[in-house]
Amino acid sequence: MLSIVVFGIIAFMMYWWASQGLFSAFMHLICTILAGILAFAFWEPLTLGMLINKMPEYAWGVGLLVPFGGWLLALRLISDKLIGGNLNFHNVPDQAVGAAFGGLAGVLTTGMLLIGLQMTAMPGIFGFKGGWELTEDGTAQKSKGVFLGVDRVTADFFTTLSRFSFAPSFSDVNLNNTHPDLSAEAGLFHRGASEFSRRVIRPGNASIVKAPDPNGEEITHQFKPSPVPKWLENITSTVPGKNVPIIIGTSVKVQGEAADQDGTFRISRGQISLAYSDNAPGFPVTHVAYPIGYLQNGEYGKLSGTDDYAYSLPAMADVVHHWLFLVPEGSTPEYLRVKNLRITLGDKWNKDLPPGLNREGGDAPEVKPGDGPEVVVVPSPIPGFVTVSAKLPFQSSLNKLGVQGVDLFTEKDPRNPNNVTNYVLKGIFSIRRRSRGEPRPGTNIAVDNFFSPNNARIVQADLGNKDAKTGLLGGMLAVESVDKTPFLIDNQGNPFKAIGYARGADAEMVVGFDPNKPIEKLVDTDPGKVSANDHMILYFQVPVGRSITSFKYGKVSTPVSPPVPLE
């Protein structure tokens with residue numbers, strides 16, 4: 001269908017400009033080329049400076065198409081004003097060459113439209129994949145496309161211009177080295193982990209993992225080992241060519257803009273790429289490599305399919321992935337692209353293994369919150385204070401929570417659509433125990449649980465009250481102030497921040513829950529309102545297959561014995 005539309009647009013433009021003549025068609029082609037050049041010149045400043053904060057999922061597409069359309073209209077008006085007449089040629093060449101110029105303008109126009117439209121959320125929603133696939137060694141290949149591959153022709157045309165005749169005079173930054181494989185970038189832009197996964201993150205949400213080298217300088221964690229460790233030999237031995245492995249660590253803030261609706265950060269293989277220069281004499285060319293795998297929490301994950309993806313542990317404020325790329329020997333990595341956010345790598349290399357990676361291929365132990373000689377063990381006076389449960393403190397209803405602005409989610413039983421389960425997605429609300437004689441809410445409007453994805457569970461930590469003899473909260477605050485971060489620690493040593501809280505008496509409590517905004521400090525839960533007769537509960541989201549072994553708050557460490565498994 002799309003091929004027919006593209007063909008129709010090009011055919012119409014050939015017919016139209018054939019009737020207008022060679023000179024008019026040539027002028028329109030020049031206007032189209034200049035409009036494209038100016039649109040790409042304004043693309044990143046407009047997108048990152050204005051649109052990314054207003055319409056993140058559409059910013060890159062709108063930031064390209066609006067300037068292109070605006071400049072094309074302006075240039076046409078200016079050329080028509082300045083050049084009032086036409087040049088007359090023999091009828092046959094006038095129409096034939098005019099049609100050819102019109103066809104070229106049609107190719108560039110439809111190519112710009114396809115590139116811009118693909119860099120929005122719309123293609124993913126409608127199921128259009130763009131015709132790009134990733135090979136096992138991390139290169140992009142055009143598997144199927146639209147008529148004549150106009151998106152690739154257009155991208156190659158403008159990137160070539162940016163290297164030569166229209167190269168910037170006072171800068172080394174151009175379209176070729178910032179978007180070297182533009183048509184593949186556009187085609188893979190919307191290939192997220194799911195059709196509703198975020199495709200864009202804002203500047204500041206991702207960074208390259210850095211650490212000081214022996215000279216005390218900050219270096220990017222790039223890995224170009226010689227000889228190759230055994231764990232990498234097993235991975236790269238089947239890849240042909242003189243390729244070398246490069247590992248680059250990224251840290252993403254999994255909060256607000258970066259996380260999906262359920263609080264998890266997901267990034268597909270096509271949404272992370274490494275641009276590198278081939279260092280060719282004269283005019284070096286920038287190429288793009290996509291990851292063949294990643295390291296996360298000591299585990300290696302292989303990426304071979306186009307739609308393979310990595311994800312964060314739910315409710316973690318930051319996630320670190322070490323991405324494995326293969327590039328030709330002698331290449332120089334230039335920058336990393338993370339969900340279309342370009343992060344420059346710089347020229348400082350860590351020639352040895354970066355801190356955090358050991359020779360066996362996993363992450364080295366990190367310093368966890370509360371570790372070190374100042375740990376104070378504070379046992380909980382509440383037996384079994386950590387439990388796996390998504391239950392609200394008390395049952396409520398859609399009506400009572402809806403009027404308080406709580407985000408709710410209703411799940412229908414596929415076998416019986418009349419049976420529904422309602423969940424709290426996020427919000428701050430009051431909830432109270434049902435009084436004697438008060439009727440229960442109907443099954444279809446009752447709300448009993450917080451929502452969590454299938455690969456995670458809600459874990460509750462009952463901190464009790466401020467009395468150190470009867471509540472862990474009192475023991476914590478006897479050692480630390482309220483400005484520390486509470487964590488649950490699993491059997492792999494991973495810390496998880498709380499994503500919700502409940503405080504109050506046995507009959508009524510105030511609840512706050514938001515997987516996208518983990519609790520950074522206990523003071524954010526307003527513990528000052530917990531009186532001697534009240535208590536506080538913290539809610540965490542932890543992936544299945546783990547066991548909770550301890551609770552930590554600053555220097556306070558509270559063992560969970562026996563460990564609580566998540567199944």
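Is Phe158 buried or exposed? In this predicted model, Phe158 has a relative accessible area of 3% and is therefore buried. Phe158 belongs to a cluster, linked by ring pairs, that also includes Phe40, Trp43, Trp60 and Phe157.

Across the whole structure, a search finds 15 aromatic pairs. One of them joins Trp43 and Trp60, with ring centres 5.4 Å apart and planes at 90 degrees, so this pair is edge-to-face. Trp43 is located in helix H2 (residues 22-54) and Trp60 in helix H3 (residues 59-82), so the pair ties together parts that are 17 residues apart in sequence. Trp43 counts as buried because its relative accessibility is 0%, and Trp60 is likewise buried, at a relative accessible area of 2%. The rings of Phe157 and Phe158 also form an edge-to-face pair, because their planes stand at 80 degrees, with 5.2 Å between the centres. Phe157 counts as partly exposed at 30% relative accessibility, whereas Phe158 is buried.

A contact between a charge and a ring involves Arg342, which lies over the face of Tyr335 at 5.7 Å from the ring centre.

Asn465 is placed in the loop that runs between strand E23 (456-464) and helix H11 (472-479). With a relative accessibility of 13%, Asn465 counts as buried. A polar atom of the Asn465 side chain lies 3.0 Å from the backbone nitrogen of Asp467. Leaving aside residues up to four places away in sequence, Asn465 touches Thr470, Gly471, Leu472, Leu473 and Gly474, as well as Val530, Ser531, Ala532, Asp534 and His535.

Key. Residues numbered from 1 in each chain as written. Predicted model: local features only at pLDDT ≥ 70, side-chain atom pairs only at ≥ 80, totals over all residues. Heavy atoms only, no water. Helix = DSSP H or I, 4+ residues; strand = E, 2+ residues; numbered from the N terminus. Buried < 20%, exposed > 50% of the residue type's maximum accessible area, 1.4 Å probe, protein only. Polar contact = N/O pair within 3.5 Å; in protein donor to acceptor, adjacent residues only side chain to side chain. Contact = heavy atoms within 4.5 Å. Phe/Tyr/Trp six-rings, centres within 6.5 Å; stacked < 30°, edge-to-face > 60°. Lys NZ or Arg CZ within 6 Å of the ring centre and 35° of its normal.
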